[in-house]
Amino acid sequence: MNKPLVGAALTALLLGATALPASAVSNEAPVADQRATDRSTAAAVPGTKAKAVTFAGTVALSNCSGSVVRVPSSQPTDRALVLSNGHCLETGFPGPGQVIVDRPSSRSFTLLNASGGNAGTVRASKIAYGTMTDTDLSLYELTSTYRDIESRFGIKALDLDAAHPQAGRAITVASGYWKRMYKCNIDGFAYRLKEGRWTWKDSVRYTSPCQVIGGTSGSPVIDDATGKVVAVNNTINESGQRCTDNNPCEVDENGNVTVRRSIGYAQQTYTVIPCVGTGNKIDLSRPGCTLPKPAAAEQRRSPVPR
């Protein structure tokens, strides 16, 4: 995983290049001056015109990256959602099979403007959803509404794309932590991606220019043609090892394993949309919602007061 930049030794070990998605912060420093002006060559789909991708709406966490996002049904008066990785949660990595819902949180996020400058701070009211099972994502509910954020900071939320991403599309991985952009293409999809104890389904595989590092974990993966978020960045195979922490491997339908050294991956986000109901609330019982659900024991644990 893209190691969250965390002070804790365990997090550093696990996230650094370990089974922690390639999004969490590591001790590696980004290449100087590769910010919004960084425009690595990435061919766009013929016949499409790329939108100007900026840092507006991205956020920096204490150890990772993220973004303020909305689904098609989100309303201006709804409390906003922040998207990041499950391995970036302040509660630590969720274990295989663990799903966190409605857990109180007061985590703060630095909101960025288009050029990567600090627009202000927003704060969570709860972890609405978090898991590293089948996918690697977290969704925080903020104390602010979309209208609050737009009116106070002049920042609009990024739209989640409702469709499955397509191979060959030009994409941008926008890291709020490093204020750095990585530009490449979607190379294809991994049927299963295994890293340490975790396994993820239908992961997005990048072409080689997206050499993501620790701290980029949780960055939105933006389709350059639509400007919409299609995935959340989470890992890279750092040293060519097979299925170990920080060295994910691909497993196909027949169980064949492929290792792609220095290739990064992300988890698709279109699956979030069917799970968001009225008031922008995560509702895992909605028709079409396929996100992993918590065990009964977890559901009974510490719900957020209504």
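**Salt bridges and burial**

Mentor: Let us begin with Arg70 and Asp159, whose side chains meet in a salt bridge, N to O at 3.1 Å. Arg70 belongs to strand S2 (residues 65–70) and Asp159 to strand S8 (residues 158–159), 89 residues apart. Strands are DSSP runs of E, at least two residues, numbered from the N terminus. This is a predicted model, in which local features need pLDDT of at least 70 and side-chain atom pairs count only at pLDDT 80 or more, while totals for chains, interfaces and linings use all residues. Residues are numbered from 1 along each chain as its sequence is written, and side-chain values use heavy atoms, without hydrogens and water.

Trainee: What makes Arg70 partly exposed?

Mentor: Buried means under 20% relative accessible area, exposed over 50%, and partly exposed in between (1.4 Å probe, protein chains only). Arg70 has 24% relative accessibility and therefore counts as partly exposed.

Trainee: How do you know that Lys126 is buried?

Mentor: Its relative accessibility is 4%, so Lys126 counts as buried. Lys126 forms a salt bridge with Asp102, with the closest N and O atoms 2.9 Å apart. Asp102 is also buried, at 17%.

Definitions and conventions: A salt bridge is a side-chain nitrogen of Lys or Arg within 4 Å of a carboxyl oxygen of Asp or Glu. Helices (H or I, at least four residues) and strands (E, at least two) are DSSP runs, numbered from the N terminus.
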